[in-house]
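User: Please take me through this structure with a few questions and answers.

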Amino acid sequence: MDISRFLFQILPYLLEGIPVTMQLTLLSFALGLALGAVLAAARVFGSKPLSIISRSYIEFFRGTPLLVQIFFIYFGLPTVGIRLDAFTASVIAIGLNSAAYQAEILRSAIKGIPEEQYLAAESLGMTTVQTYRFIIFPQAIRVATPALVNEFVALIKYTSLASIIGVAELFRRTEYMVSYTFMPEIYLLAAAIYLAICLPTSQFSKMLETRYAIPGYKRALV
Amino acid sequence: MSEELLQINGLRAGYGKVEVLRGIDLRVKRGEKVVILGPSGSGKSTLLKCIPYLVRPWSGEIRIDGLTVSPDPAVLRRIRANTGFVFQQYNLFPHMTIIRNVALPLELSKGMSRREAEETAKSVLDMLGLGELAGKYPLELSGGQQQRAAIARALAIDPKLLLLDEPTSALDPELRYEVVETLYQVAKQGRSMLIVTHELDFAEAAADRVVFIDEGQIVEEGDARQVLERPRRERTERFLRRLRSRLGESPSTN
């Protein structure tokens, strides 16, 4: 491979896709977290119908391929007059999909807090709202953090699906370069770039866990 | 002001279709220390939890300091301000330091400022000899220390009635001692206490009255000495004999 061509043409072209990949990831993760929190709340606190709606949503988005969801939103919605550009359609599709997973992460984290914590809070005269705000949520978010970061890392990779509807993110640019240069080893380069983004994110997760760990918790598990 | 702090009449409660309490009548006078004894599954813990409505009774009436317990949030607030509850498994909040565990309820349900609450919390912790642990987290402490902190948390709200649900049962024998010491200390302060425990020595030395419960009903109650040494009912006697023969073995967790 011609080194200078690689360094000055191919690599910079791919790297320009990183901001797009990261924007896709951050925006769809944020959408997923916001909607996921609502869905989780509907399942934990909601009336029966609300809980069923939330559950159906989760089952639907977990049970159908993300690619189908992206196609549906990008190509299907225009038939009812909703026309979105490829980037927006990708953010919405990936965000809606991620919401289902994030809802389950949050719900199981809340459900994982033992009943005794509620009893203790109640016995001390706390209201239900106070109990969740001061006792349950602060513990649940610690439980949920590793799984949420895991979901974030998964999204970094899932955003490559946006290439199919033409978003010029990292993988779209890779494909373009491969077909332009006929050098399939560029796929390896793309893989290395994804890895270089994902690894520090996982490290960041470990740091968060350590930073916000409940003191003595590890010892208590032994 | 009535002499009786707690009155329970015809209390029935259970889980699902299983009836656990089958008509309990119980009185606790102001300043009185009452120990509840009974085998596993007899309903002792359920009885205790019904009082501040942690378990919802099926029927019957509970009055604390003249106020009838009901699901009305305003009533529950007052009831819980008058009852401190100590759990078998301590149930401290693991994400908060000991002093925050004790102070937070004061801020939330007594409307104290953070500073005021922490000063109160510190003085209660100091009183129980836990002052140095104020900045530690619950899971950094031994079980005995955690339970003493839980007692401090329940005491800090200055309840008229302190409810203790087997406060030493989850602890290893060598850790039980320090909790029993703390119980003696609290008992001396004149607060009304209703304690489910198998600590017979404590019952004998500190309780005014002992109530023996079996299968959801009160089998026998009376002066602590009398019930422990000369029980009138055969069931009480059999239970006490079994309990005493178990001493020295590892304590039951229930």
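Predicted model: local features only at pLDDT ≥ 70, side-chain atom pairs only at ≥ 80, totals over all residues.

Analyst: Residues are numbered from 1 along each chain as its sequence is written, with chains lettered from A and ligands numbered from 1 in the order in which they are written.

User: Which residues touch the most other members of the largest nonpolar core?

Analyst: A nonpolar core is a set of buried Ala, Val, Leu, Ile, Met, Phe, Trp, Tyr and Cys residues joined through C-beta atoms within 7 Å; buried means that 20 or more other C-beta atoms lie within 10 Å of a residue's own, with C-beta atoms placed from the backbone. The largest core has 117 residues, and those touching the most other members are I36(B) and V210(B).

User: How are helix 4 of chain B and helix 5 of chain B oriented to each other?

Analyst: Helices are DSSP runs (H or I, at least four residues), numbered from the N terminus. Residues 114-127 and 143-156 of chain B form this pair, packed at about 130 degrees with axes 9 Å apart; axes are lines fitted to C-alpha atoms over the stretch in contact, and angles run from 0 to 180 degrees between N-to-C directions. Angles under 35 degrees count as roughly parallel, over 145 as roughly antiparallel, 65 to 115 as roughly perpendicular and the rest as oblique. Helix 4 of chain B and helix 5 of chain B are therefore oblique.

User: How many residues of chain B are in contact with chain A?

Analyst: Contact means C-beta atoms, placed from the backbone, within 7 Å. On the chain A side 20 residues take part, and on the chain B side the number is 20.

Notes:
Buried ≥ 20, exposed ≤ 12 C-beta atoms within 10 Å, placed from the backbone. Helix = DSSP H or I, 4+ residues; strand = E, 2+ residues; numbered from the N terminus. Contact = placed C-beta atoms within 7 Å.
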